[in-house]
Amino acid sequence: MSPDPNIGRLLANRYRLIELVGKGAMGRVYLARDMLLGGVPVAVKFLSHTLLNRKMRDRFEREATICALLGEKSIHIVRVRDYGIDDTEIPFYVMEFLKGDGLSELIKPKPLPLARFLTLGRQICLGLQCAHEGIFIENELCPIIHRDIKPSNILVIKDATLGELVKILDFGIAKLLQSDSSQTHSFMGTLAYCSPEQMEGKELDNRSDIYSLGVMMFEMLTSEMPLHAETHSFGGWYKSHHFLTPKTFDQVNPHLKLPKALENLVMSCLAKSPSDRPQSSTEVLRVLEQIEKSLSPSRPIENPIKEVPAKPKPIITPPVEPILAVSLDDACRIAAWPKNKPIAEIVFPHILRTTIEVGATVWVMLHKQEVMNRQISTRYNQFLFLMSPHPMILWITALYNRDIGARWMPCYLDLKTPLGQELARNLGEYGDYRILFFSIENPQRCANIMTSTIAPAQRKMLLDWANNSQSLFSAAQPQTSKKLLKQEFEKLKPKILIKLESIRTASDISG
């Protein structure tokens with residue numbers, strides 16, 4: 001067997017491919033290291049399709065942009081961090097690297113217990129709900145249909161707070177593989193899970209995903225398929241999905257005791273006509289929540305619409321603001337611009353506290369159009385430190401977009417203040433921070449949230465600086481150190497831009 005030529009390859013002048021971790025009809029997935037971020041692990045998926053012309057490239061970029069925004073909107077959808085086209089015209093995604101179990105592996109040995117089914121089923125519906133509601137791109141609402149919902153596209157990872165966290169993989173990939181206009185009505189998907197209208201090559205809406213969800217839910221509860229085909233061929237499955245009546249739960253397992261409402265829900269999802277199915281994932285979600293509540297009336301259902309870190313961050317007292325009983329990402333979503341800050345293009349650092357965690361954040365206010373333009377950007381951060389005349393960190397965040405250039409968001413951390421110390425330690429210990437965007441036109445609501453990851457080497461330096469600064473003597477006013485750091489920052493800007501432009505240029509050339 002010949003060695004994989006991709007192993008060891010540096011993709012887009014940034015991602016070092018380490019090993020092949022998965023392959024299927026849609027493409028091949030590699031574990032890689034993001035060299036720009038100090039070697040943090042990422043997953044790179046090469047799609048099994050070559051983009052041969054400009055039109056196909058443009059469509060890929062649009063669909064990939066939508067998928068990237070979708071991952072930022074829901075924790076139940078895998079996050080797409082970057083995308084491009086390599087030097088052989090093969091498109092690729094760069095995604096967060098997750099360790100977990102595929103749902104297909106979980107349900108092979110035996111069906112899921114009802115309680116576990118409800119927990120995972122709700123989270124799957126939340127991811128679908130987010131996608132079906134759509135993403136705004138250039139003032140246009142773009143609903144997203146998965147087109148390939150099946151157990152192997154559902155990943156279940158361990159989570160310190162939720163117990164198990166569902167991530168839906170490969171959103172939009174089936175559509176991306178139809179980028180060639182000559183294939184617009186060709187079939188893409190997995191035969192056993194396809195809706196009747198998908199097999200006909202019709203224009204799809206969210207109800208097609210609900211049919212596939214019904215097939216998958218039946219399988220989750222029984223380890224059996226509700227439909228079988230005489231032959232594993234397009235014709236065999238076309239006949240099955242169009243004309244055969246799905247098996248009932250009682251036919252598959254007479255001893256299985258399920259709530260009647262759940263049986264009715266699953267069978268309604270399997271209706272041949274889209275108009276006879278639940279009309280939205282929200283309807284499915286509502287029934288699952290009602291069933292779960294009826295089974296445990298004394299226990300409130302946890303709201304899984306939240307980002308929860310691998311380990312909870314400690315609450316640091318005394319608090320400087322009211323502590324919210326939500327996750328950090330929920331707190332970000334409901335945040336309003338502080339009344340003591342001007343409505344203007346400014347940036348400031350802030351510690352955000354909840355009963356679950358404490359996180360470092362950067363708050364930035366821009367005009368609405370600029371906020372929209374920055375939704376897809378390469379994120380860059382760097383930290384500069386001066387021991388004297390006054391211990392001070394310059395926290396640099398940059399967002400780079402090939403078309404509109406860089407947006408610089410510098411913040412200063414005075415290491416002789418409790419806030420500066422807390423921010424530096426939080427950044428060093430947890431290695432990430434949220435960027436909250438507010439528009440000048442509507443400051444009462446956070447318009448967008450991004451997460452930026454800090455390289456391990458910089459995390460160590462932040463902790464060292466925070467510790468060492470305790471014994472340092474301030475020989476001048478903090479403003480003096482800020483002025484010196486700003487001068488150094490201005491010298492660094494051209495070098496940072498070259499690095500950012502070379503990454504994007506390399507992506508454009510090789511990807």
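How many residues does helix α3 have, and how far does α3 reach from its first C-alpha to its last? In this predicted model, helix α3 (residues 114-133) has 20 residues and reaches 28 Å between those two atoms. That span is close to the 28 Å expected at 1.5 Å a residue. Helix α3 is mostly covered, with 15 of its 20 residues buried. Just after α3, G134 adopts a positive phi of about 100°.

The setting of this helix is a protein chain with 15 helices and 18 strands. The chain has 511 residues, of which 53% count as buried. Among contacts in the chain with a separation of 6 or more, 65% are accounted for by residues 24 or more positions apart.

A pair of helices further along the chain is described next. Two packed helices are described by the angle between their axes and the distance between the axes. The axes of α13 and α14 come within 7 Å and cross at roughly 150°. Because angles over 145 degrees count as roughly antiparallel, α13 is roughly antiparallel to α14. The crossing of the two helices is left-handed.

The table lists the residues that make this contact.

| Helix | Residue range | Contact residues |
|---|---|---|
| α13 | residues 418-430 | Q421, A424, R425, L427, G428, E429 and Y430 |
| α14 | residues 456-468 | R459, L462, L463, A466 and N467 |

By class, the contact of α13 with α14 comprises six nonpolar, three polar and three charged residues.

Conventions: Residues numbered from 1 in each chain as written. Predicted model: local features only at pLDDT ≥ 70, side-chain atom pairs only at ≥ 80, totals over all residues. Heavy atoms only, no water. Axes fitted to C-alpha atoms, helices over the stretch in contact; angles between N-to-C directions. Helix = DSSP H or I, 4+ residues; strand = E, 2+ residues; numbered from the N terminus. Parallel < 35°, antiparallel > 145°, perpendicular 65-115°, else oblique. Left-handed = near helix turned anticlockwise from the far one by under 90°. Contact = heavy atoms within 4.5 Å. Nonpolar A, V, L, I, M, F, W, Y, C, P; charged D, E, K, R; others polar. Expected span 1.5 Å × (residues − 1). Buried < 20%, exposed > 50% of the residue type's maximum accessible area, 1.4 Å probe, protein only.
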